[in-house]
Amino acid sequence: MTATVLKALNIRKSFRETGEHLEILRDASLEVGAGEVVALLGVSGSGKSTFLQILGTLDRPDAGTLEIGGEDALALNDAGLSRLRNRRLGFVFQFHHLLPDFSALENVAFPLLIEGAGRKAADERARELLAEVGLSDRAGHRPNELSGGERQRVALARALCMKPAVVLADEPTGNLDPASALRMYELLEDLASRHGQAFIIATHDMELAARSHRRLRLVDGTFEPC
(Lines give C-alpha, C1' and ligand atoms only; values in the text may rest on other atoms or scores of the structure.)
Protein backbone atom coordinates (compact mmCIF):
# COMPACT_ATOMS: atom_id res chain seq x y z
CA MET A 1 0.00 0.00 0.00
CA THR A 2 1.26 3.47 -0.89
CA ALA A 3 1.38 5.79 2.10
CA THR A 4 -1.25 8.52 2.06
CA VAL A 5 0.40 11.96 2.06
CA LEU A 6 -2.70 14.14 1.72
CA LYS A 7 -6.36 13.57 2.52
CA ALA A 8 -9.11 16.14 1.99
CA LEU A 9 -12.65 15.08 2.88
CA ASN A 10 -15.99 16.81 2.19
CA ILE A 11 -14.47 20.20 1.43
CA ARG A 12 -17.02 22.97 1.03
CA LYS A 13 -16.39 26.54 -0.06
CA SER A 14 -18.75 29.30 -1.08
CA PHE A 15 -18.53 32.99 -1.86
CA ARG A 16 -20.90 35.92 -2.06
CA GLU A 17 -20.82 37.88 -5.28
CA THR A 18 -23.15 40.84 -5.95
CA GLY A 19 -25.44 39.54 -3.24
CA GLU A 20 -25.59 36.02 -4.69
CA HIS A 21 -24.40 32.94 -2.78
CA LEU A 22 -22.06 30.87 -4.98
CA GLU A 23 -21.18 27.36 -3.82
CA ILE A 24 -17.87 26.55 -5.51
CA LEU A 25 -16.95 23.32 -3.72
CA ARG A 26 -19.52 20.85 -2.40
CA ASP A 27 -18.19 17.82 -0.54
CA ALA A 28 -15.06 17.72 -2.71
CA SER A 29 -12.76 14.90 -1.53
CA LEU A 30 -9.30 13.72 -2.53
CA GLU A 31 -6.81 11.22 -1.13
CA VAL A 32 -3.32 11.05 -2.65
CA GLY A 33 -0.48 8.60 -2.09
CA ALA A 34 3.28 9.08 -2.24
CA GLY A 35 4.61 9.19 -5.79
CA GLU A 36 1.17 9.67 -7.32
CA VAL A 37 0.45 12.23 -10.05
CA VAL A 38 -3.20 13.37 -10.01
CA ALA A 39 -4.71 15.72 -12.59
CA LEU A 40 -7.68 17.88 -11.63
CA LEU A 41 -9.81 18.85 -14.62
CA GLY A 42 -12.81 21.11 -15.05
CA VAL A 43 -14.02 24.14 -16.94
CA SER A 44 -12.70 27.59 -16.05
CA GLY A 45 -14.35 28.81 -12.88
CA SER A 46 -15.27 25.33 -11.68
CA GLY A 47 -13.19 25.68 -8.52
CA LYS A 48 -9.94 23.83 -9.30
CA SER A 49 -7.71 26.71 -8.23
CA THR A 50 -9.82 27.31 -5.12
CA PHE A 51 -9.41 23.65 -4.18
CA LEU A 52 -5.63 23.87 -4.65
CA GLN A 53 -5.52 26.99 -2.51
CA ILE A 54 -7.29 25.07 0.26
CA LEU A 55 -4.98 22.07 -0.10
CA GLY A 56 -2.04 24.46 0.15
CA THR A 57 -3.51 26.01 3.33
CA LEU A 58 -3.61 29.39 1.58
CA ASP A 59 -7.39 29.51 2.05
CA ARG A 60 -9.74 27.86 4.54
CA PRO A 61 -12.80 25.82 3.62
CA ASP A 62 -16.23 26.49 5.08
CA ALA A 63 -16.38 22.83 6.12
CA GLY A 64 -14.44 19.59 5.73
CA THR A 65 -11.15 18.12 6.92
CA LEU A 66 -7.60 18.33 5.58
CA GLU A 67 -4.71 16.11 6.65
CA ILE A 68 -1.20 16.58 5.27
CA GLY A 69 1.37 14.02 6.32
CA GLY A 70 -1.09 12.82 8.96
CA GLU A 71 -1.34 16.30 10.50
CA ASP A 72 -4.65 18.12 10.91
CA ALA A 73 -3.87 21.23 8.87
CA LEU A 74 -7.07 23.05 9.77
CA ALA A 75 -6.26 22.88 13.49
CA LEU A 76 -2.98 24.79 13.12
CA ASN A 77 -2.43 28.46 13.90
CA ASP A 78 -0.74 30.81 11.44
CA ALA A 79 2.77 29.92 12.58
CA GLY A 80 2.01 26.22 12.36
CA LEU A 81 0.57 26.62 8.88
CA SER A 82 3.68 28.49 7.74
CA ARG A 83 5.88 25.64 9.00
CA LEU A 84 3.65 23.06 7.35
CA ARG A 85 3.72 24.85 4.00
CA ASN A 86 7.48 25.31 4.03
CA ARG A 87 8.31 21.76 5.09
CA ARG A 88 5.63 19.57 3.50
CA LEU A 89 4.28 21.45 0.48
CA GLY A 90 5.72 22.75 -2.76
CA PHE A 91 3.96 25.14 -5.14
CA VAL A 92 4.25 25.64 -8.91
CA PHE A 93 2.00 28.19 -10.59
CA GLN A 94 1.20 29.11 -14.19
CA PHE A 95 3.20 32.30 -13.63
CA HIS A 96 6.54 31.33 -12.10
CA HIS A 97 6.69 34.13 -9.45
CA LEU A 98 10.50 34.10 -9.37
CA LEU A 99 12.29 36.97 -7.64
CA PRO A 100 13.50 39.13 -10.55
CA ASP A 101 16.68 40.43 -8.92
CA PHE A 102 17.85 36.98 -7.80
CA SER A 103 19.69 34.38 -9.87
CA ALA A 104 18.18 30.97 -10.59
CA LEU A 105 20.39 29.52 -7.84
CA GLU A 106 19.27 32.15 -5.32
CA ASN A 107 15.60 31.65 -6.20
CA VAL A 108 15.83 27.90 -5.63
CA ALA A 109 17.81 28.29 -2.38
CA PHE A 110 15.42 30.88 -0.97
CA PRO A 111 13.05 28.49 0.94
CA LEU A 112 16.00 26.89 2.71
CA LEU A 113 17.43 30.26 3.69
CA ILE A 114 14.04 31.28 5.12
CA GLU A 115 14.09 28.08 7.18
CA GLY A 116 17.47 29.05 8.62
CA ALA A 117 19.83 26.85 6.62
CA GLY A 118 23.40 28.07 6.06
CA ARG A 119 24.21 29.66 2.73
CA LYS A 120 26.62 26.88 1.71
CA ALA A 121 24.11 24.08 2.40
CA ALA A 122 21.30 26.00 0.69
CA ASP A 123 23.42 26.64 -2.41
CA GLU A 124 24.49 22.99 -2.59
CA ARG A 125 20.87 21.84 -2.46
CA ALA A 126 19.89 24.42 -5.09
CA ARG A 127 22.67 23.25 -7.42
CA GLU A 128 21.51 19.63 -7.04
CA LEU A 129 17.97 20.59 -8.00
CA LEU A 130 18.99 22.77 -10.93
CA ALA A 131 20.98 19.78 -12.21
CA GLU A 132 17.88 17.59 -11.83
CA VAL A 133 15.84 19.93 -14.02
CA GLY A 134 18.64 20.34 -16.55
CA LEU A 135 19.68 23.89 -15.69
CA SER A 136 23.14 23.58 -14.13
CA ASP A 137 24.56 25.96 -16.72
CA ARG A 138 21.90 28.59 -15.98
CA ALA A 139 22.42 28.84 -12.21
CA GLY A 140 23.80 32.38 -12.36
CA HIS A 141 21.15 33.77 -14.72
CA ARG A 142 18.31 35.99 -13.58
CA PRO A 143 14.71 35.24 -14.66
CA ASN A 144 14.75 37.81 -17.48
CA GLU A 145 17.73 35.95 -18.97
CA LEU A 146 15.85 32.64 -19.09
CA SER A 147 13.24 31.29 -21.49
CA GLY A 148 9.69 30.64 -20.32
CA GLY A 149 10.35 26.91 -20.06
CA GLU A 150 13.56 27.50 -18.12
CA ARG A 151 11.82 29.85 -15.68
CA GLN A 152 9.16 27.24 -15.04
CA ARG A 153 11.82 24.59 -14.39
CA VAL A 154 13.49 26.93 -11.90
CA ALA A 155 10.09 27.32 -10.21
CA LEU A 156 9.77 23.52 -10.07
CA ALA A 157 13.25 23.20 -8.55
CA ARG A 158 12.32 25.82 -5.94
CA ALA A 159 9.13 23.89 -5.11
CA LEU A 160 11.25 20.79 -4.42
CA CYS A 161 13.88 22.54 -2.32
CA MET A 162 12.49 21.43 1.07
CA LYS A 163 11.77 17.86 -0.14
CA PRO A 164 8.00 18.28 0.23
CA ALA A 165 5.66 15.33 0.40
CA VAL A 166 3.21 17.05 -1.97
CA VAL A 167 3.68 19.49 -4.84
CA LEU A 168 0.63 21.52 -5.88
CA ALA A 169 0.75 22.79 -9.45
CA ASP A 170 -1.79 25.20 -10.97
CA GLU A 171 -1.64 25.16 -14.79
CA PRO A 172 2.14 24.52 -14.81
CA THR A 173 2.24 24.22 -18.62
CA GLY A 174 -0.29 26.98 -19.34
CA ASN A 175 2.30 29.46 -20.67
CA LEU A 176 4.71 26.98 -22.25
CA ASP A 177 5.31 26.09 -25.88
CA PRO A 178 4.79 22.40 -26.80
CA ALA A 179 8.48 21.45 -26.48
CA SER A 180 8.79 23.08 -23.04
CA ALA A 181 5.49 21.52 -21.94
CA LEU A 182 6.77 18.06 -22.94
CA ARG A 183 9.92 18.65 -20.91
CA MET A 184 7.74 19.57 -17.91
CA TYR A 185 5.62 16.38 -18.31
CA GLU A 186 8.74 14.25 -18.32
CA LEU A 187 10.20 16.02 -15.30
CA LEU A 188 7.05 15.56 -13.23
CA GLU A 189 6.86 11.87 -14.09
CA ASP A 190 10.54 11.32 -13.32
CA LEU A 191 10.52 13.19 -10.03
CA ALA A 192 7.40 11.43 -8.78
CA SER A 193 8.87 8.05 -9.70
CA ARG A 194 12.34 8.59 -8.24
CA HIS A 195 11.58 10.65 -5.14
CA GLY A 196 8.07 9.53 -4.21
CA GLN A 197 6.66 13.03 -4.17
CA ALA A 198 2.97 13.39 -4.97
CA PHE A 199 1.91 15.94 -7.58
CA ILE A 200 -1.61 17.39 -7.66
CA ILE A 201 -2.07 19.35 -10.86
CA ALA A 202 -4.96 21.60 -11.88
CA THR A 203 -4.83 21.76 -15.66
CA HIS A 204 -6.62 22.24 -18.96
CA ASP A 205 -3.75 20.47 -20.72
CA MET A 206 -5.23 17.16 -21.84
CA GLU A 207 -1.86 15.67 -22.79
CA LEU A 208 -0.52 16.35 -19.31
CA ALA A 209 -3.71 14.91 -17.81
CA ALA A 210 -3.42 11.78 -19.96
CA ARG A 211 0.05 11.11 -18.56
CA SER A 212 -1.11 11.37 -14.95
CA HIS A 213 -1.84 8.33 -12.80
CA ARG A 214 -5.37 9.54 -12.06
CA ARG A 215 -7.73 12.10 -13.55
CA LEU A 216 -10.60 13.72 -11.66
CA ARG A 217 -13.09 16.21 -13.07
CA LEU A 218 -14.69 18.87 -10.89
CA VAL A 219 -18.40 19.02 -11.70
CA ASP A 220 -20.88 21.00 -9.61
CA GLY A 221 -18.36 21.28 -6.79
CA THR A 222 -17.60 17.54 -6.54
CA PHE A 223 -14.90 15.39 -8.12
CA GLU A 224 -15.76 12.57 -10.51
CA PRO A 225 -13.24 10.10 -12.01
CA CYS A 226 -12.67 10.51 -15.73
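**Figure 1. Lining of the largest cavity in the predicted model.** A cavity is a set of grid points where a 1.4 Å probe fits but cannot get out, and its lining residues have an atom within 4 Å of a point. At least two lining residues come from each of helix H1 (48-55), strand E6 (89-93) and strand E7 (166-170). By class, the lining residues of the largest cavity divide into 7 nonpolar, 2 polar and 1 charged.

**Figure 2. The largest nonpolar core.** This core has 37 residues, and Leu130, Val154, Leu156 and Phe199 are those with the most contacts inside it. Two or more residues are given to this core by each of helix H3 (104-114), helix H4 (119-132), helix H5 (148-159), E7, helix H6 (178-195) and strand E8 (198-202). H6 gives the most, with 7 residues. In soluble globular proteins, nonpolar side chains tend to be buried together.

**Figure 3. Surroundings of Phe199.** Residues up to four places away in sequence are not counted in this view. Phe199 touches Glu36, Val37 and Val38, together with Leu156, Leu160, Val167, Leu188, Leu191 and Ala192. Of these partners, Leu156 is, like Phe199, among the residues with the most contacts inside the largest nonpolar core.

Terms used:
Residues are numbered from 1 along each chain as its sequence is written. This is a predicted model: local features need pLDDT of at least 70, side-chain atom pairs count only at pLDDT 80 or more; totals for chains, interfaces and linings use all residues. Side-chain values use heavy atoms; hydrogens and water are left out. On a 1 Å grid over the protein atoms alone, a cavity is a set of points where a 1.4 Å probe fits but cannot get out, and a pocket is an open set with protein on both sides within 12 Å along at least five of seven lines; lining residues have an atom within 4 Å of a point. Helices (H or I, at least four residues) and strands (E, at least two) are DSSP runs, numbered from the N terminus. Ala, Val, Leu, Ile, Met, Phe, Trp, Tyr, Cys and Pro count as nonpolar, Asp, Glu, Lys and Arg as charged, and the others, Gly among them, as polar. A nonpolar core is a set of buried Ala, Val, Leu, Ile, Met, Phe, Trp, Tyr and Cys residues joined through side-chain atoms within 4.5 Å. Buried means under 20% relative accessible area, exposed over 50%, partly exposed in between (1.4 Å probe, protein chains only). Contact means heavy atoms within 4.5 Å.
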